[in-house]
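Thanks for coming. I have one structure to go through today, and I will keep to how its parts are arranged. Please have a look at it first.

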Amino acid sequence: MVRFFALLFGIALIFVGVAGYLPQFMTDGLLFGYFQVDSMHNMVHLATGVLAILAAGRAGLASTFFKLFGLIYAAVAFAGFYYNGDLLMMQMNQADNILHTVIAVVALYFGFFAGKRSA
């Protein structure tokens, strides 16, 4: 199950990364009319998506990917809220911060709890 969701997560992030470069997905400079993206943000999405797909190849790697990137996305979400979206080379808005929080929670669930059986 964790491997399958790592694959889906990777595909979704690659789609979002590519969509950020395509004007038909932008409305008033916002991806899908909500999310503030820029080239650095898009490259991070693409790189994360590729890593997720690579990690989907093995259950242990998929779980480790979700643990690591869940913590990273939690830190990015916290920093986005704390610094009001000004993260050095990337700018984010409130919609990005909320989405990063949701991604962090879901990734941490898959990294630490999904697939575990209680005795």
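This is a predicted model: local features need pLDDT of at least 70, side-chain atom pairs count only at pLDDT 80 or more; totals for chains, interfaces and linings use all residues.

Helices α3 and α4 cross with a left-handed sense. Helix α3 covers residues 59-82 and helix α4 covers residues 94-112, and their axes come within 7 Å with a crossing angle of roughly 155 degrees. Angles over 145 degrees count as roughly antiparallel, so α3 is described as roughly antiparallel to α4.

Which residues of α3 and α4 make the contact? On the α3 side they are Ser63, Phe66, Lys67, Gly70, Leu71, Tyr73, Ala74, Val76, Ala77, Gly80 and Phe81. On the α4 side they are Gln94, Asn97, Ile98, His100, Thr101, Ile103, Ala104, Ala107, Leu108, Phe110, Gly111 and Phe112. Sorted by class, the contact of α3 with α4 holds 14 nonpolar, 8 polar and 1 charged residues.

Helix α3 has a second contact to look at, this one with α1. Helix α1 spans residues 2-19, and the axes of α1 and α3 come within 8 Å, crossing at roughly 50 degrees. That angle makes α1 oblique to α3. The crossing of α1 and α3 is left-handed. From α1, the contact uses Val2, Arg3, Phe5, Ala6, Phe9 and Leu13. From α3, it uses Ala59, Ala62, Ser63, Phe65, Phe66 and Tyr73. The classes here are 10 nonpolar, 1 polar and 1 charged.

Now the strands. In general, strands of a sheet pair through backbone hydrogen bonds, in a parallel or an antiparallel sense. Here there is an open sheet of 3 strands in the order β1-β2-β3, and the pairing is antiparallel. Its edge strands are β1, at 26-27, and β3, at 35-36, each of which pairs on one side only. Between β1 and β2, the latter being residues 30-31, the antiparallel pairing runs over 2 bridges. Where in β2 is the bridge partner of Thr27? That partner is Leu30.

Last, the chain as a whole. The protein has 4 helices and 5 strands, and from the N terminus the elements run α-β-β-β-α-α-β-β-α. Its C-alpha atoms fill a box of roughly 50 × 30 × 20 Å along the principal axes. The radius of gyration is 15 Å, which agrees with the value near 14 Å that a compact globule of 119 residues would have.

Terms used:
Residues are numbered from 1 along each chain as its sequence is written. Side-chain values use heavy atoms; hydrogens and water are left out. Axes are lines fitted to C-alpha atoms, for helices over the stretch in contact, and angles run from 0 to 180 degrees between N-to-C directions. Angles under 35 degrees count as roughly parallel, over 145 as roughly antiparallel, 65 to 115 as roughly perpendicular and the rest as oblique. A crossing is left-handed if the near helix is turned anticlockwise from the far one by less than a right angle, and right-handed if clockwise. Contact means heavy atoms within 4.5 Å. Ala, Val, Leu, Ile, Met, Phe, Trp, Tyr, Cys and Pro count as nonpolar, Asp, Glu, Lys and Arg as charged, and the others, Gly among them, as polar. Two strands pair if DSSP finds at least two bridges between them. The radius of gyration is taken over C-alpha atoms; the globule rule is 2.2 Å times the number of residues to the power 0.38.
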